[in-house]
Amino acid sequence: MEYMILIYADEKIYSDMPQAEMAAMMEEYGRYTEELEAAGVLRGGSELAPVHTATTVRLRDGKVVSTDGPFAETKEQLGGYYLIDCANLDEALHWAAKVPSAKDGSIEVRPQITHS
Amino acid sequence: MLAKAIEQLCRREGGKVLAGLIRRFGDISLAEDLLQDAYRKALERWPREGLPHNPAAWLTTVARNEGLDQLRRNAALLPDSAEVLAQQAACTDEEAAQQPAPLISGSASVDDDRLRLIFICCHPALAPNVQAPLALRMLCGLSTREIARAFCEAETTVAQRIVRAKRKIAAAKIPFVVPQRTELPQRLALVLQVIYLVFNEGYGATEGQRLVRTELCAEAIRLGRLMEELMPDEAEVLGLLALMRLQHARSGARVAPDGGLLTLPEQDRSQWDRAAIEEGTALLDRALRLARPGPYQIQAAIAALHSKAQRAEETDWEQIAALYGALLRHLPTPVVELNAAVAQGMAHGPAEGLARLRALEESGRLQSSHYLLSAKAEFHGRLGDFRAALAEYDRALALVGNAVEHRYLSQRRMAAEREVLSSSHACGA
């Protein structure tokens, strides 16, 4: 079963972070990704650019309406994701707890729906 | 009448059967549907064919066969069904009994479907307010109405929560397993809580004609033993098991021959189950040696003090009141406060108890509790104020849901009324 691991954290933490600390965290993410790969569960993932780069698009009355910014302002922002393939929720939660940002952010685990 | 007896029997065996069906079919809703269908067939066939030798096995076989039929019908359409069917084909009932499905690697050694069921109900991914209701529903076969009553919630709210939780278990694939050893400690508190809830539902049934539903107490104790096997050095696991053994040891003496309720001072103490008391006390000693105190151990210690008194008058209320004080620090709930107030009253006089009960009632934290009102009535009676006692019994009677408790309170009320009448006669004479 595939689970989406959505990584939410306050972007300010990272923009204010000293460079050395940032480098250490990136390294930690690198190791975590390798661990997912070694376990054979990794299906995809990416870091996302900050929300100030986001554009939200809606189709209203047949017209495309684009607005600057994320679809909703939140205290913690979606900053990246992993897609993993696990036997069950317990395994997915186990991996979610190991995401480096779990220490200062929130990790949302969502099962994927498969339409066969 | 026969239909009613069959329904009760089904309910009693239901948790056992359901847990097995969930493991076999990996789908709670399907398992529940199959069980309901088996109940219907039992109602139809048992009156004609007689009661089966082993009702649980009968229900399991009927439900499983129906489930396999359904899977076969679906197999052509859904690849998932074909997969489950292939697994099922290789697994007969006898094999399933001898070789339970393997637990995940590195997990604890205890294997039991009902223990898995309790762990799935207490899964941290489920909302806290649905965990216990779900367990009572699936493990004990309580109706949504009974659960709603036990938690003072609306029936529709409880029903919705349960439906949502079951959907999440299926959609997010919450596994039907006993968790790995490393995860057990953080999953423990909830599981113990739910086991004790099951026990309490059996010990003081919130609804219905019978006061003690022995099968629920026995099931809770059985689950407690499995937890002990799983975590033999966990003080609170031992504490809970000790508590349940000590309380259940008095079950037989709690119910009068006419089905009425007997309180501690009224019970024939020779009817207490001495072997159970000894086992409970030994478990408590084992727990205390681990030097990690907790609420279950304190409650077990209180139960042990009651068990030690040969006569009600010999009860060490001082010590019990002190233990309730300690319990309040772990478990500052209104119900514990109520018990602490009663113990204080028993240790230091009815006026003291009454003052504490009044304070608790005025705080508004324990509203509409017939226990609070009947405790006040008792202390009023001890102080000789039977008019006040009578008024409190009337208020308590308006709230009580269990028929046996209702009868008990009516008797106490009548006794108070007699006192009021005889004192007014005395005045008149």
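## Helix H15 of chain B

Ten of the 14 residues of H15(B) are buried, so this helix is largely enclosed by the rest of the structure. A residue is buried if 20 or more other C-beta atoms, placed from the backbone, lie within 10 Å of its own, exposed if 12 or fewer, and partly exposed in between. The model is predicted: local features need pLDDT of at least 70 and side-chain atom pairs pLDDT 80 or more, while totals for chains, interfaces and linings use all residues. Residues are numbered from 1 along each chain as its sequence is written, and chains are lettered from A in the order in which they are written.

The buried residues of H15(B) include Pro295(B), Tyr296(B), Gln297(B), Ile298(B) and Ser307(B). They pack against H10 (184-203), H12 (235-248), H14 (274-289) and H16 (317-330) of chain B. Two residues are in contact if their C-beta atoms, placed from the backbone, lie within 7 Å.

## Helices H16 and H17

H16(B) and H17(B) (residues 334-348) pack at an angle of about 155°, with their axes 8 Å apart. Axes are lines fitted to C-alpha atoms, for helices over the stretch in contact, and angles run from 0 to 180 degrees between N-to-C directions. The two helices are therefore roughly antiparallel (an angle over 145 degrees).

Residues of H16(B) in this contact include Trp317(B), Tyr324(B) and Leu328(B), and those of H17(B) include Val336(B), Ala340(B) and Ala347(B). The residues of the contact divide into eleven nonpolar, three polar and two charged. Ala, Val, Leu, Ile, Met, Phe, Trp, Tyr, Cys and Pro count as nonpolar, Asp, Glu, Lys and Arg as charged, and the others, Gly among them, as polar.

## Chain B as a whole

Chain B has 21 helices and zero strands. Helices (H or I, at least four residues) and strands (E, at least two) are DSSP runs, numbered from the N terminus. Buried residues make up 39% of the 429 residues in chain B.

Ile174(B) is in the loop between H9 (155-171) and H10 of chain B. It counts as buried, with 23 C-beta neighbours inside 10 Å. Leaving aside neighbours within four places in sequence, Ile174(B) is in contact with residues including Asn88(A), Leu89(A) and Ile120(B).

The contact between the chains takes seven residues from chain A and seven residues from chain B. On the side of chain A that touches chain B, H3 (residues 89-97) of chain A gives the most, with three residues.

Definitions and conventions
Parallel < 35°, antiparallel > 145°, perpendicular 65-115°, else oblique.
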